[in-house]
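Okay, thanks for coming, everyone. Let me put the structure up, and then I'll walk you through a couple of spots in it.

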Amino acid sequence: MKIRNKLILSMSIMIVFIMLFLLGVTHVQFYIDRDLAYLEEKAAFESLREEFEQYYTSNGHSWDNVHAAEFVHSRFFPAIVLIANGTPVYQQGQLSADVLRNEGYKLALFADQKKVGRLFVMNDKQLKTYEFKSMWYSIVPNIAKASLLFTCIAAFLTIFFLSWRMTSPIRKIIKGINDIKKGKPAVTLPVQRKDEFGAISSALQEMNDALANAERTRKQFLSDVAHELKTPLMIIQGELELVQETGAPLSSAKQSSILDEVLRLSRLVHDVLDLSKLEAGMTDLRPGPGNLVEVLENLQQKTEFLLADKQIRFSMNIAEDCIYVSMEKNRILQALYNILTNAIHYTNHGGQIRLQAQRVYRPDLEHEYISIKIEDSGVGISEEDLPHIFNRFYRADHSRSRPSGGTGLGLAIAQQNILAHRGWIEVQSEIGKGSVFTVYLPIILG
Ligand code: ADP
């Protein structure tokens, strides 16, 4: 319960207790005062008693016509009632017989030592105390009612205020969601709270940011693809239009240039499709236990002519004959091929590339991995470019990469392939010295 509500509740309880206490005190006080008043005016009380007893005796032991009788000491008592045989036979003053019976001072009347009636009386002082008591008794319920009403109003206002406060973040969140639905850019949900609403809001905010980010990436990807497709298409279009305009036959150089561009287009389309499927998790990976050493030997065969072309010294160092990994061979081969062809591409003639494969135990992951390290003595990658090289279409050096025919998707595809096999790729590089790409894949134990 909130402090404010506790205060209201305890205040109301306190008011009710004070009322009850005052009622109790008034009640007790009244009887004390009544008896004290008797002691103070005892003579008058006793004289009145005697007068009534004398009347009874002199009236032939009867209360007949007592209501018409005059009693001298009755002037000191504004309220008197005489009860004989259970019924009031004499009464003076405004107070009813019942009230006096309950609240008046009782004087028992005797004749010949026999109880003949009871007098209930109040002198001025007693009457005042009684009037104060009855006034107090009549206002207390009103005060109680008022405090109850006050409590109800305060509770109602508190509930209204609290529910308004509670629904305010919900309203803000709903407004934010509606803005997101309408496609408003950069929607922020302004709920900065430490409770559940704050958690919902920040989760929604994160989701929205992630969606906005994904949307940005998708748009960027589309525009990159369009850009990449445009150049080869324009070259092909230009060559063919020239043939159409001049009627001159295509030289074999032009034909091979067009073929190059067509191949480039087809490679690009193939890579885009492949990467999209990998990223969407739509690629039907069918991994099975396979010897990685065989994949590495296959890789060497596939790249032999490229290495020879650039007279690059290549060494392959594998610690074991058999390293079993759960994999789809083609996918792992594709990833390693992309990394190794990059190494060849970015290494100058006569350079050096080393491939090393060995087991490593990662205590943090409690698993054994095979690390495949491909180290080149190439141009290296700058610190600024390093975090981005796995991004789609990212090229550290556009001018140099373009004529090479790289699609800018090679590393992105390699990374998706390795991630799909529960592995990862690490890179270290230094401009002018070369790069080291290390692929980690989990080994099948046993
Ligand atoms: P590309 O088709 O341009 O090679 P990748 O995705 O394979 O596309 O590589 C992205 C970028 O990373 C390359 O453009 C290049 O700038 C950089 N890169 C990748 N591998 C190497 C390497 N071994 N040495 C230097 N730069 C590299």
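Before we start, one term: a polar contact here is a pair of N or O atoms within 3.5 Å. And keep in mind that this is a predicted model.

Which side chain has an N or O atom 2.7 Å from an oxygen atom of the ligand? That's Asn 342. On its own the ligand would expose 530 Å², and the protein buries 97% of that.

Who's around it? The shell has 20 residues, and the closest include Asn 342, Asp 376 and Leu 411. By type, we get ten nonpolar, eight polar and two charged. Helix H8 (329-345), helix H10 (410-420) and strand S11 (434-442) each give at least two residues to that shell.

Now over to two helices, H4 (residues 124-181) and H5 (residues 196-246). Their axes come within 10 Å and cross at roughly 10 degrees. An angle under 35 degrees counts as roughly parallel, so that's what we call H4 and H5.

What meets what? From H4 we have Met 166, Pro 169, Ile 170, Ile 173, Ile 177 and Ile 180, and from H5 they meet Phe 197, Ile 200, Ser 201, Leu 204 and Asn 208. Nine of the residues in this contact are nonpolar, two are polar and none is charged.

Terms used. Residues numbered from 1 in each chain as written. Predicted model: local features only at pLDDT ≥ 70, side-chain atom pairs only at ≥ 80, totals over all residues. Heavy atoms only, no water. Near = heavy atom within 4 Å. Polar contact = N/O pair within 3.5 Å; in protein donor to acceptor, adjacent residues only side chain to side chain. Areas by Shrake-Rupley, 256 points an atom, 1.4 Å probe, with all protein chains shown as cover. Helix = DSSP H or I, 4+ residues; strand = E, 2+ residues; numbered from the N terminus. Nonpolar A, V, L, I, M, F, W, Y, C, P; charged D, E, K, R; others polar. Axes fitted to C-alpha atoms, helices over the stretch in contact; angles between N-to-C directions. Parallel < 35°, antiparallel > 145°, perpendicular 65-115°, else oblique. Contact = heavy atoms within 4.5 Å.
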